[in-house]
Amino acid sequence: MRIESLKAIYPNYRNVASSWRTHLWQIVVEVRTDTGVTGYGYGGGGLASLPIVNGHFNELLVGESLNSPEDVMRIWDCLYYESLPYGRKGIAMMALSGVDLALWDALGKAERRPVAELLGGVRKDRIDVYATGPDSEWYAELGVAGQKLTHRWAGRTDDAVEAASKARQVMGADTKIMFDVYMSWDADVAVRMANDLSEFNVYWFEDVLTPDDLATLGNLRPKISPINLAGGEHEFGVVGFKDVAEHGSYDIWQPDITWCGGITAGIRICELASQYGIPVVPHRGGEVWGLHLIAASNSCSNLAELVLGRQDTATDDLWVGNPAITDGKLSISDHPGFGVQLNEAML
Ligand SMILES: [Mg+2]
């Protein structure tokens with residue numbers, strides 16, 4: 001089949017957390033083909049990414065053939081190199097992620113196979129979920145494998161100790177407890193926290209420093225052991241993760257498949273990770289875009305993140321047909337492509 005058109009849309013979100021996200025949250029990318037198959041992808045970069053997709057990438061892609069995973073990868077390389085003067089990382093790569101995912105979805109639909117099967121087949125039928133947010137009681141009811149608490153440094157460790165203590169008590173001894181600190185700690189704080197939280201068997205500290213601090217992260221890693229250092233949601237492409245690997249910055253890599261360059265970049269990052277013996281736990285990996293990679297890749301741990309927040313939190317349901325949590329786990333559906341439909345009421 002051949003690509004007829006490419007279109008990016010910024011949905012009407014009502015429930016986006018304030019920060020850069022209010023302006024630059026996720027885009028929908030639609031790719032139409034001459035066979036009538038339409039693929040959908042989910043990228044980043046918000047309104048700023050629309051001219052990249054609707055202008056430059058559209059101009060490059062119309063008429064291109066799309067018949068195999070190799071075609072998707074060839075297109076990815078073309079878009080990467082053509083956008084390189086203004087791209088490589090950040091918004092252009094977030095836009096490219098959405099295009100890449102739409103191409104994989106279209107290919108899966110054309111072949112009537114889930115994307116995971118295009119990636120070599122489903123190796124994990126039932127994937128453990130961990131929930132991000134404060135609602136331990138709800139997560140325990142769902143039976144998920146872990147809870148990730150968010151923490152921002154405010155000059156004290158006792159608030160983190162209190163949160164870990166409560167989570168451990170409600171979630172039980174066998175679950176994973178993690179902390180995502182969104183670049184608000186420094187290395188000394190991380191060491192203090194590792195000491196003060198030692199009795200709670202914390203699985204990882206995430207996003208401790210910025211992605212510009214790869215060498216410092218590499219030095220910090222042994223100092224907080226056995227707690228793992230996790231990160232990578234702000235890193236892009238296999239080129240970015242080569243830097244991460246060379247600095248030994250993280251025990252666990254967390255590329256965001258809707259930002260880092262899509263499934264194509266995800267495959268390459270997973271290959272690199274396996275060379276270094278690093279497990280990959282994609283950021284927001286419980287959403288279908290990461291879930292298909294987790295299901296198919298031996299480099300990915302059996303662990304998928306869902307940002308659930310509180311049970312009563314209002315959400316924007318942009319995609320319909322997401323797999324439901326059963327017994328704390330997720331499975332990909334056998335529907336073609338990523339197996340979700342766009343909620344057009346949000347466009
Ligand atoms: Mg995070």
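A residue is called buried if 20 or more other C-beta atoms lie within 10 Å of its own, exposed if 12 or fewer, and partly exposed in between, with C-beta atoms placed from the backbone. These legends describe a predicted model, in which local features need pLDDT of at least 70 and side-chain atom pairs count only at pLDDT 80 or more, while totals for chains, interfaces and linings use all residues. Residues are numbered from 1 along each chain as its sequence is written.

**View 1. Thr-38 in strand β3.**
Let us start with a single residue. Thr-38 is partly exposed, with 17 other C-beta atoms within 10 Å. Strands (E, at least two residues) and helices (H or I, at least four) are DSSP runs, numbered from the N terminus. Leaving aside residues up to four places away in sequence, Thr-38 touches Glu-30, Val-31, Arg-32 and Ala-106; two residues are in contact if their C-beta atoms, placed from the backbone, lie within 7 Å. Ile-3 is 35 residues from Thr-38 in sequence, and their C-alpha atoms are 9.5 Å apart in space.

**View 2**
Strands count as paired if DSSP finds at least two bridges between them. Axes are lines fitted to C-alpha atoms, for helices over the stretch in contact, and angles run from 0 to 180 degrees between N-to-C directions. Between β1 and β2, which run antiparallel, there are 6 bridges. Ala-8 has Val-29 as its bridge partner in β2.

**View 2. Helix α2 and its kink.**
Helix α2 (residues 46–61) has a kink of about 30°, centred on Val-53. The bend at a residue is the angle between axes fitted to the seven residues ending there and the seven starting there. Which residues of α2 are buried? They are Gly-46, Ser-49, Ile-52, Val-53, Phe-57 and Leu-61. An α-helix has 3.6 residues a turn, so residues three or four places apart point the same way. The buried residues of α2 pack against β1 (3–9), α1 (21–24), β2 (27–33), β3 (38–43), α3 (69–83) and α4 (91–111). After α2 comes Gly-63, with a positive phi near 95°.

**View 3. The packing of α4 and α11.**
Helix α4 and helix α11 (residues 262–276) pack at an angle of about 95°, and their axes are 6 Å apart. That makes α4 roughly perpendicular to α11; angles of 65 to 115 degrees count as roughly perpendicular, under 35 as roughly parallel, over 145 as roughly antiparallel and the rest as oblique. On the α4 side, the contact is made by Leu-96, Ser-97, Asp-100, Leu-101 and Trp-104, and on the α11 side by Gly-262, Ile-263 and Thr-264. Sorted by class, this contact has 4 nonpolar, 3 polar and 1 charged residues. In that scheme Ala, Val, Leu, Ile, Met, Phe, Trp, Tyr, Cys and Pro count as nonpolar, Asp, Glu, Lys and Arg as charged, and the others, Gly among them, as polar.

**View 4. Strands β6 and β7, a parallel pair.**
Strand β6 (residues 176–180) and β7 pair in the parallel sense over 4 bridges. Met-178 stands opposite Trp-204 in β7. Why is strand β7 (residues 202–206) described as largely enclosed by the rest of the structure? Because 5 of its 5 residues are buried.

**View 5. Loop residues with backbone angles to check.**
Met-183, in the loop between β6 and α8 (187–196), has a positive phi of about 65° although it is not a glycine. Met-183 is partly exposed, with 18 other C-beta atoms within 10 Å. Arg-284 also is not a glycine, and its phi is positive at about 55°. Arg-284 is found in the loop between α11 and α12 (288–296) and counts as buried, with 21 C-beta neighbours inside 10 Å. A cis peptide bond joins Ser-225 and Pro-226, with omega about 10°; Pro-226 lies in the loop between α9 (214–224) and β8 (228–231).

**View 6. Thr-326 in the loop between β11 (319–320) and β12 (329–330).**
Is Thr-326 buried or exposed? With 12 C-beta neighbours inside 10 Å, Thr-326 counts as exposed. Thr-326 and Val-144 are 182 residues apart in sequence, and 9.1 Å apart in space from C-alpha to C-alpha.
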